[in-house]
Amino acid sequence: MRLAAIRLHWVRVPLWEPFRISNGEVSVKDAILVQIEAGGTTGWGEASPLAGSAYSGETPQSTWDFLRDHLVPSFLDQPELDPLRCFDHLSKLPGEPFAKAGLEGAVWDLHAQQIGVPLWSLLGGHKRPIASGATVGLMPEVSELLNRVQRFLSQGYRRVKIKIAPGRDLELVSAVRKRFGNIPLMVDANGAYQLKDAGLFQELDSFDLMMIEQPLAREALTEHAELQARLRTPICLDESAENLVAVQSIIRQGSGRILNIKVQRMGGLWPARQAHDLAMAAGISCWLGTMPELGIASAQGLHLATLPNFTLPSDVVASDRWFADDVTDPRISISGDGFICLSDGSGMGYRVAVDRVRKYCIRTEELRA
Ligand code: MG
């Protein structure tokens with residue numbers, strides 16, 4: 001594959017409601033779309049950091065700068081690139097997982113289209129509907145939390161995750177269990193607790209949660225292992241699973257029994273697949289997380305989620321959960337029983353709606369070899 005041109009499009013799509021993070025909130029979804037053309041075919045990828053720097057070290061601006069000034073120029077110098085050579089090339093450069101995921105996704109999409117196969121088959125997956133799970137953030141009132149849970153259950157979502165924080169944990173879990181009985185339920189603490197809070201998690205053990213996601217700090221792998229040894233409920237590592245080296249440490253130390261794998265954080269589909277393979281060999285279950293992302297990154301993640309050890313519902317949800325619009329046709333949607341089905345088309349199987357890319361684009365740039 002010889003690359004003709006790479007276009008970058010910085011899009012900004014409105015959210016229905018603010019996405020609240022630990023030290024702020026965002027009301028728009030920024031993404032840098034990567035459009036690669038070669039041999040008359042177009043591949044698309046999405047680098048998808050949230051605005052601000054609260055959720056990750058990378059921001060839309062830093063990702064745009066890295067793609068435009070470093071990654072894409074170094075890429076255009078390569079005579080020929082297939083996805084695995086692309087991965088080799090990217091692995092030699094430090095950091096910037098979001099930018100790498102955007103470029104790598106476009107190369108995979110292009111390659112799959114050129115050989116006429118769906119992305120999942122190239123990634124080693126097996127086509128199947130992917131179970132989707134919804135998340136409720138910390139709500140000011142318990143009644144609001146219960147209303148949200150009710151809404152997601154009626155939309156068919158296959159499990160519900162609720163965010164917890166010190167002082168806002170047992171009460172919330174207990175209220176949801178009391179109202180909705182034995183639904184598939186999990187909690188996410190985003191690293192807000194310490195090992196001295198083990199007693200609280202032992203109390204949560206009696207609520208039969210599917211898992212407790214990231215109870216302790218990102219770097220606290222030994223403490224997670226100590227906590228897991230005291231609990232019946234599986235611990236799921238999210239923030240801690242930041243790259244392949246971290247995944248290996250998690251496995252070696254026994255820090256948890258489940259992994260949340262995010263393509264953007266891992267720096268692309270292939271490193272995310274490697275994390276999946278490492279976990280599978282160690283008997284650790286996985287599910288596919290999201291940052292969240294627009295339709296392109298969501299679709300590509302769903303192809304990856306067809307791999308055999310992604311056994312738990314994904315955080316990838318319908319486009320209309322967060323976004324007033326999306327850049328793919330069709331948009332990501334879930335069936336009435338909470339599954340997302342991939343098409344049999346080649347590549348990611350979702351068409352990119354160029355008119356909507358244009359509508360939401362705030363910056364665009366074309367780079368040529
Ligand atoms: Mg999480």
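**Note on the predicted model: rings, pocket, backbone and metal site**

1. Both Phe 152 and Tyr 157 are buried, where buried means under 20% relative accessible area, exposed means over 50%, and partly exposed lies in between (1.4 Å probe, protein chains only). The two residues form an aromatic pair, with 5.7 Å centre to centre and 90 degrees between the planes, and this pair is edge-to-face. Rings of Phe, Tyr and Trp (its six-membered ring) pair if their centres lie within 6.5 Å; planes under 30 degrees apart count as stacked, over 60 as edge-to-face and the rest as tilted.

2. On the basis of the note: this is a predicted model, in which local features need pLDDT of at least 70 and side-chain atom pairs count only at pLDDT 80 or more, while totals for chains, interfaces and linings use all residues. Residues are numbered from 1 along each chain as its sequence is written, and side-chain values use heavy atoms, with hydrogens and water left out.

3. The structure holds four aromatic pairs. One of them joins Tyr 193 and Phe 201: the ring centres are 5.0 Å apart and the planes stand at 75 degrees, so this pair is edge-to-face. Tyr 193 and Phe 201 are both buried.

4. The charged end of Arg 159 sits over the ring of Trp 287, 5.2 Å from its centre, and Arg 321 lies over the face of Trp 322, at 4.0 Å from the ring centre. A charge sits over a ring if NZ of Lys or CZ of Arg is within 6 Å of the ring centre and within 35 degrees of the ring normal.

5. Which residues line the second largest pocket? Among them are Phe 152, Tyr 157 and Arg 321, together with others including Trp 16, Glu 17 and Ile 334. A pocket is an open set of points on a 1 Å grid over the protein atoms alone, where a 1.4 Å probe fits, with protein on both sides within 12 Å along at least five of seven lines; lining residues have an atom within 4 Å of a point. Helix H5 (142-154) is one of the elements that supply at least two residues of this lining, and H5 gives the most, with three residues. Helices (H or I, at least four residues) and strands (E, at least two) are DSSP runs, numbered from the N terminus.

6. The backbone has two cis peptide bonds to note. One joins Met 291 and Pro 292, with omega about -5 degrees, and Pro 292 lies in the loop between strand E11 (285-288) and helix H12 (295-304). The other runs from Asp 329 to Pro 330, with omega near -10 degrees.

7. Asn 190 has a positive phi, near 45 degrees, in a residue other than glycine. Asn 190 is found in the loop between strand E7 (185-188) and helix H7 (198-204), and counts as partly exposed at 35% relative accessibility.

8. The magnesium ion is coordinated by Asp 188 (OD), Glu 213 (OE) and Asp 238 (OD), at 2.2 to 2.3 Å. Donors are N, O and S atoms within 2.8 Å of the metal (3.2 Å for Na, K and Ca); water is not among the atoms, so sites may look incomplete. Are Glu 213 and Asp 238 buried or exposed? Glu 213 is buried, with a relative accessible area of 0%, and Asp 238 counts as buried at 2% relative accessibility.
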